[in-house]
Amino acid sequence: GEGAFALRTVQSVHASTPVAVLREIILVDDGSEPPLSESYVGLDVQKQFNTKIIRIPATKGLIMAKKRGGDAASGDIIVFFDCHVAPQPGWHAPFLRLIGANYRRLVVPQITNLDIDSWTQIGEGMGGMAKCYLTWDADFKWLTSDDPYVPIVSGGLLGISHRWWVETGGYDEQMRGWGGENIDQSLRAWLCGGEIVAANDSFVAHMWRTPSDDRTGRQYRIVGDTVINRARAVFAWSGEFAQKLADFPAFSHATQKQVGDVSNIQEVKRKLGCRSFPWFLRRFKGLYEDAGLLPDEVFMLQEAGSGSCLRFDGEAGTARG
């Protein structure tokens, strides 16, 4: 649904990446009508910009599109981009350096703002975002820190070695649509012997969806259930901590039965000898323990005169406010 943006992204990736480094550009057409190969990215464009189109006839959603693309990639390093970005000159060098030093390392760039009229980065790249953390309602929030390590990726922009992609199984093929795959992939990395780092000297300008500009609005059909996807990641990786989801009304339908069989992820855990979820919490102790996301104790406040306890009646979770 974003064919014009997809074309400009292809052109930008091609222009900003040296020929000696760029094996191929894979563009996954997730049920676009008309197909991208018959509209914005015809055979002449594919040839000019070293692009291969993978066509999914019926829309499967972002996760399946990315899995199809990742599985088809032949380069030593696979880089995932949303179809509305402009990588900046030199963006690739930190990816090659950081993944070259450790094939089990995921790398995320600094994500900056894109001017969709000129398809250029707004400003000089200062204030780019790269790091997120996992919240108890199976969501993620942006954060800043002094070290290069990233607890959770936002999902849209990252690099991974082909070898580590194959070993970890890429994405959960039973997730549908969009959302939750970033949690699953991040926990696969950290718990199974890998790591995620931010490349502070790599910049990729990204189009953010803003209500004031209709051009940035969603132009694709929604499939799947984001809440179920997020619950799958939590049930598969967090062990007894998955009980926390019961505290959040949004997950009232996300029972183990609705989430479905997670044996495919359990097989990855068995094969790679992955650690348990508490290791992740301890790895990021400064965030979860020291900053209070995992408090030492929980208590109630009681008004002495009436004996009534203070209670919060708003929605649980961190997604609002």
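**Aromatic pairs and helix contacts**

In this predicted model, Trp91 and Phe95 are both buried. The two residues form an aromatic pair of the edge-to-face kind, with a distance of 5.4 Å centre to centre and an angle of 75° between the planes. A pair of aromatic rings is described by the distance of the centres and the angle of the planes, and the count of such pairs in the model comes to 16.

A further pair is made by Trp190 and Phe284, whose ring centres are 5.1 Å apart and whose planes stand at 90°, so that this pair, too, is edge-to-face, given that planes over 60 degrees apart fall in that class. Because Trp190 belongs to helix 6 whereas Phe284 lies in the loop between helix 10 (277-283) and helix 11 (285-288), the pair ties together parts that are 94 residues apart in sequence. Trp190 has a relative accessible area of 2% and is therefore buried; Phe284, with a relative accessible area of 8%, is likewise buried, the limit for this class being under 20%. Both residues are members of one aromatic cluster, which is formed by Trp136, Tyr149, Trp190, Phe241, Phe277, Phe280, Phe284 and Tyr288.

Helix 6, which carries Trp190 and spans residues 181-191, is also in contact with helix 7. The axes of helix 6 and helix 7 come within 9 Å and cross at roughly 20°, and the two helices are therefore roughly parallel to each other, as angles under 35 degrees are so classed. On the side of helix 6, the contact involves Ile183, Asp184, Leu187, Arg188 and Leu191, which meet Arg230, Ala233 and Trp237 in helix 7. By class, the residues of this contact comprise five nonpolar and three charged, with no polar residue among them.

Helix 7 (residues 226-237) also meets helix 9 (residues 263-272), the axes of the two coming within 10 Å and crossing at roughly 40°. This angle makes helix 7 oblique to helix 9, and the crossing of the two helices is right-handed. In this contact, Arg232, Ala236 and Trp237 of helix 7 meet Asn264, Ile265, Gln266 and Lys269 of helix 9, a set that divides into three nonpolar, two polar and two charged residues.

Methods
Residues are numbered from 1 along each chain as its sequence is written. This is a predicted model: local features need pLDDT of at least 70, side-chain atom pairs count only at pLDDT 80 or more; totals for chains, interfaces and linings use all residues. Side-chain values use heavy atoms; hydrogens and water are left out. Axes are lines fitted to C-alpha atoms, for helices over the stretch in contact, and angles run from 0 to 180 degrees between N-to-C directions. Helices (H or I, at least four residues) and strands (E, at least two) are DSSP runs, numbered from the N terminus. Angles under 35 degrees count as roughly parallel, over 145 as roughly antiparallel, 65 to 115 as roughly perpendicular and the rest as oblique. A crossing is left-handed if the near helix is turned anticlockwise from the far one by less than a right angle, and right-handed if clockwise. Contact means heavy atoms within 4.5 Å. Ala, Val, Leu, Ile, Met, Phe, Trp, Tyr, Cys and Pro count as nonpolar, Asp, Glu, Lys and Arg as charged, and the others, Gly among them, as polar. Rings of Phe, Tyr and Trp (its six-membered ring) pair if their centres lie within 6.5 Å; planes under 30 degrees apart count as stacked, over 60 as edge-to-face and the rest as tilted. Buried means under 20% relative accessible area, exposed over 50%, partly exposed in between (1.4 Å probe, protein chains only).
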